[in-house]
Amino acid sequence: MAPPEGPRAPLEFGGPLGAAALLLLLPATMFHLLLAARSGPARLLGPPASLPGLEALWSPRALLLWLAWLGLQAALYLLPARKVAEGQELKDKSRLRYPINGFQALVLTALLVGLGVSAGLPLGALPEMLLPLAFVATLTAFIFSLFLYMKAQVAPVSALAPGGISGNPIYDFFLGRELNPRICFFDFKYFCELRPGLIGWVLINLALLVKEAELRGSPSLAMWLVNGFQLLYVGDALWHEEAILTTMDITHDGFGFMLAFGDIAWVPFTYSLQAQFLLRHPQPLGLPMASAICLINGLETISTATGRKLLVSGWWGMVRHPNYLGDLIMALAWSLPCGVSHLLPYFYLLYFTALLVHREARDERQCLQKYGLAWQEYCRRVPYRIVPYIY
């Protein structure tokens, strides 16, 4: 079938061959990290000590638990919101409406988990189910992405994302064809972006903390720091949920396997890597070092701007993407409680560096199209992209 008429974005990720490779590489990397974190050597590089059999990956109990989790988060999404916000203007000049109740969903989830634990819910058993849960999450991402691809076949041209209309089914399946796939007012991309994955991430972290307390009598200081830093990050993201409506994920990217797998599988099972590592590889951490790490994490609070004026003062006068610099500082602070004896806990920092460099390049193209000569002048006055005097 010929691709629809309309503006198309340049092919990314190596085109169809790169997209096909990533369809396999991303899940394989996630499972490698899960296996490495639970192994004795905890090697980031090199093959795992042993590969799990199908019996270790497939669990009807994990499937039911996963579906219940998605159902719970969908039900919380449908609850009355404290605010309903409008998104950016679309091609047809309309604006979609979004419920701002993500923080409410986090609080209600915490209350329900607390009630469950008080009633005897074995939260400490969750870490032993991470492999089968990751497996069913990956299956869900593939099936869901196929549904999204088929749904996009009957969507109007104005509803398609510029990057998902290449005409190659593998590439479009990976990148996503439809910009804002919805059924009635339930927006699939917006729901997945911050709900099941981010809240699931902090729940996995909490389960790992509980498990460490069961094994060693009390959680370590390093485990407390990782849990606290990442809970603060997730809580802040959900409290300022409306800010996501101006991000590239929502305004530009289609919703396909890349975002679906990233949101519901990659985020909860790889972003919890530091806590997974600490459960099986406890690290000594004194108060002076912990205080220094807290200071580093506090440096992440670099102000950002979502307005239409280009700022050339403050942080934005030093680098063009200071929010990305803040993300990298934060990622370092999350990894430092794990010590320096293993590279594995620093995977998030390495991955996020590559992700942000790629995203920064996409941002540059978008800003050049949007601001034209003003952006070129800004680049002349602020030559560094993310790290002052380095990049």
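Rings of Phe, Tyr and Trp (its six-membered ring) count as a pair if their centres lie within 6.5 Å; planes under 30 degrees apart make the pair stacked, over 60 edge-to-face, and the rest are tilted. By this rule, the count in the structure comes to 30 aromatic pairs. The structure is a predicted model, in which local features need pLDDT of at least 70 and side-chain atom pairs count only at pLDDT 80 or more, while totals for chains, interfaces and linings use all residues. Residues are numbered from 1 along each chain as its sequence is written, and side-chain values use heavy atoms, with hydrogens and water left out.

Take phenylalanine 144 and phenylalanine 147: this aromatic pair is stacked, at 6.3 Å centre to centre and 15° between the planes. Both sit in helix 5 (residues 130–152), three residues apart, or about one turn of the helix. Helices here are DSSP runs (H or I, at least four residues), numbered from the N terminus.

Now for the domains, whose bounds come from an automatic or database assignment. Domain 1 covers 23–37 + 57–88 + 95–282, and domain 2 covers 293–299 + 309–390. Their centres, taken over C-alpha atoms, are 24 Å apart.

How do the two meet? In all, 21 residues of domain 1 are in contact with 20 residues of domain 2, contact meaning heavy atoms within 4.5 Å. About 2,000 Å² is buried between domain 1 and domain 2, with carbon and sulfur atoms giving 73% of that; buried area is the accessible area (1.4 Å probe) that two parts lose on being put together, summed over both. Phe229, Met248 and Phe277 supply 31% of what domain 1 buries against domain 2, more than any other three residues.

As for salt bridges (a side-chain nitrogen of Lys or Arg within 4 Å of a carboxyl oxygen of Asp or Glu), the count between domain 1 and domain 2 is zero. On the side of domain 1 that touches domain 2, helix 1 (15–38), helix 9 (221–239), helix 10 (248–251) and helix 12 (273–280) each supply at least two residues. Helix 9 gives the most, with six residues.
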